[in-house]
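Here's a quick briefing to read alongside the model. Have the sequence and the 3D view open as you go.

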Amino acid sequence: MKRSGDSLTNRSKISVYNTLSRKKEQFRPLFSDSIRLYTCGPTVYNYAHLGNLRSYIFEDILKRVLLFNGYKVKHVMNITDVGHLTSDADEGEDKMLKGARREKKTVWEVAEFYTRAFKQDMKKLHLLPPNILCKATDHITEQIEMVQILEKKGFTYFRDGNVYFDTSKLKDYGKLASLNLAKERRARVESDLNKKNPHDFVLWFTKSKFQEQEMKWPSPWGLEGYPGWHIECSAMASKYLGEQFDIHCGGIDHIPVHHTNEIAQSEAAFGKKPWVKYWLHNEFLVLEKGEKMAKSGENFWTVQKVEENGFNPLDYRYFCLGTHYRKPMLFSLEGLEGAKSAREKLFEKVLKMKYCHHGKDSKAQKEYLKKFTSQVNDDLNTPQALATMWEVMKDEKLTNHNRYLLLLEFDKIFGLNLGEIKKDAIPEEIMKLAEERQKARRKKDWKKADLLREMIQEKGYDIGDMPEGYELRKR
Ligand code: AMP
Ligand code: ZN
């Protein structure tokens with residue numbers, strides 16, 4: 001079956017909501033059909049919670065939509081293992097140190113442990129692996145070099161041992177978040193008195209407020225030190241994706257500080273605008289009272305907890321597909337249970353189709369694929385796309401063959417690996433009897449077919465005849 005992205009000339013329109021313009025825009029690659037995508041990864045001082053994972057699932061869907069439409073994607077994700085304080089704006093505790101203290105381990109051990117855990121989560125949730133998953137601590141030289149460029153161009157100042165970015169040097173600082181700088185300046189109580197302007201941020205710390213800081217590197221600014229949080233993303237993105245690229249993503253909490261500062265330092269250093277053409281952000285996973293799921297909160301669920309409570313991690317993936325990424329998503333056990341039963345029903349249906357889907361493609365099938373494509377291409381409307389999938393299941397105009405092929409196409413976006421579901425619920429022995437019975441039926445040997453049906457029933461299964469094959473069900 002030919003799909004919309006098979007030929008470049010046929011490629012369907014994709015539109016995405018760009019935080020930078022606050023509009024849905026038609027997606028047009030910056031340079032070529034090889035899309036460069038950067039997504040902010042986890043801070044590895046704890047397990048990723050389901051809120052964090054909502055971000056990564058949304059980014060995975062975005063990447064799959066681009067691939068579905070025939071684009072190539074180069075995807076870079078960072079692992080923050082240094083420099084991130086509990087407040088994104090250079091205040092609070094060092095997150096990695098907090099993790100190390102909690103677990104009585106070194107910061108390095110904590111980083112390694114949770115990086116590994118994150119990779120397992122990615123696999124369990126069927127997230128396509130990034131082309132490059134890069135650690136901040138492996139890119140200290142690149143970060144120092146970038147701070148030096150900014151220093152040379154006059155965007156920094158040095159106070160009390162730390163290098164700061166001077167936000168007043170940029171006319172459009174804060175454009176991503178539409179910050180009202182004057183208003184915020186009046187409202188903000190600044191605790192770091194070294195800052196010339198309230199939004200200035202640290203690029204490099206040498207005078208640490210954390211005396212126990214374990215991760216330190218020699219630097220051109222005298223003593224040993226470590227990077228501020230934001231510089232890692234700009235330095236690594238430019239190393240792997242170039243000084244300008246197509247798409248950058250993260251959760252909405254990154255808009256006012258982290259991404260705003262990434263833009264400031266990158267546009268200042270590279271002199272190219274816009275640094276990134278499309279900025280996409282997901283809304284939060286929230287709890288009943290509307291507060292976001294957070295590592296500091298009590299009710300934070302991990303993939304491990306999902307499994308311990310009898311769910312498959314894919315139940316959470318399915319759950320996320322049901323809410324548009326730009327809408328807050330309410331987490332509840334009932335919601336997760338609903339997703340589980342829908343996913344199981346889907347898997348059951350796919351299993352039935354998988355073994356009896358021979359036939360012809362149909363016009364209706366093509367129309368459904370077109371409809372599905374326009375839905376996912378419309379700012380990743382997965383809730384509508386899911387509804388289309390269930391419509392396909394019910395539509396009598398379609399044969400199981402039509403349905404199965406459509407589902408395999410849809411699954412390129414849904415990522416539930418529908419094509420790989422095995423009939424493991426039905427023992428090999430029963431399958432053999434069913435196949436033998438099918439052969440007998442084809443030869444019109446009804447006596448043998450009946451005998452085989454009885455044998456199958458004695459072993460605890462029912463067999464039903466379908467126009468294109470048979471259906472097995474446990475009694
Ligand atoms: P962090 O590990 O804190 O840097 O966060 C990793 C990603 O998760 C970022 O893109 C955040 O914006 C995102 N995030 C954090 N909390 C939530 C939440 N409750 N719902 C959705 N995304 C979140
Ligand atoms: Zn980042």
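Predicted model: local features only at pLDDT ≥ 70, side-chain atom pairs only at ≥ 80, totals over all residues.

Residues are numbered from 1 along each chain as its sequence is written, chains are lettered from A and ligands numbered from 1 in the order written, and side-chain values use heavy atoms, with hydrogens and water left out.

**Nonpolar cores**
- A nonpolar core here is a set of buried Ala, Val, Leu, Ile, Met, Phe, Trp, Tyr and Cys residues joined through side-chain atoms within 4.5 Å; buried means under 20% relative accessible area, exposed over 50%, and partly exposed in between (1.4 Å probe, protein chains only).
- The largest core has 130 residues, and Ile-247, Tyr-316 and Leu-346 touch the most other members.
- Helix H1 (residues 50-68) gives the most to this core, with 10 residues; helices (H or I, at least four residues) and strands (E, at least two) are DSSP runs numbered from the N terminus.
- A second, separate core of 11 residues includes Ile-430, Met-431, Leu-433 and Leu-472.

**Zinc site**
- The zinc ion (ligand 2) has Cys-40 (SG), Cys-233 (SG), His-258 (NE2) and Glu-262 (OE) as protein donors, 2.0 to 2.5 Å away; donors are N, O and S atoms within 2.8 Å of the metal (3.2 Å for Na, K and Ca), and with water not among the atoms, sites may look incomplete.
- Along the sequence, the donor residues are spaced C-x192-C-x24-H-x3-E.
- Cys-233 sits in helix H6 (residues 231-241) and Glu-262 in helix H7 (residues 255-270), 29 residues apart.
- Cys-233 is buried at 0% relative accessible area, and Glu-262 is buried with a value of 0%.

**A buried aspartate**
- Asp-60 is in helix H1 and is buried, with a relative accessible area of 4%.
- Leaving out residues up to four places away in sequence, Asp-60 touches His-126, Leu-127, Leu-128 and Arg-317; contact means heavy atoms within 4.5 Å.

- Lys-273 and Pro-274 are joined by a cis peptide bond, with omega about -10°.
- Arg-22, not a glycine, has a positive phi near 55° and is partly exposed at 38% relative accessible area.
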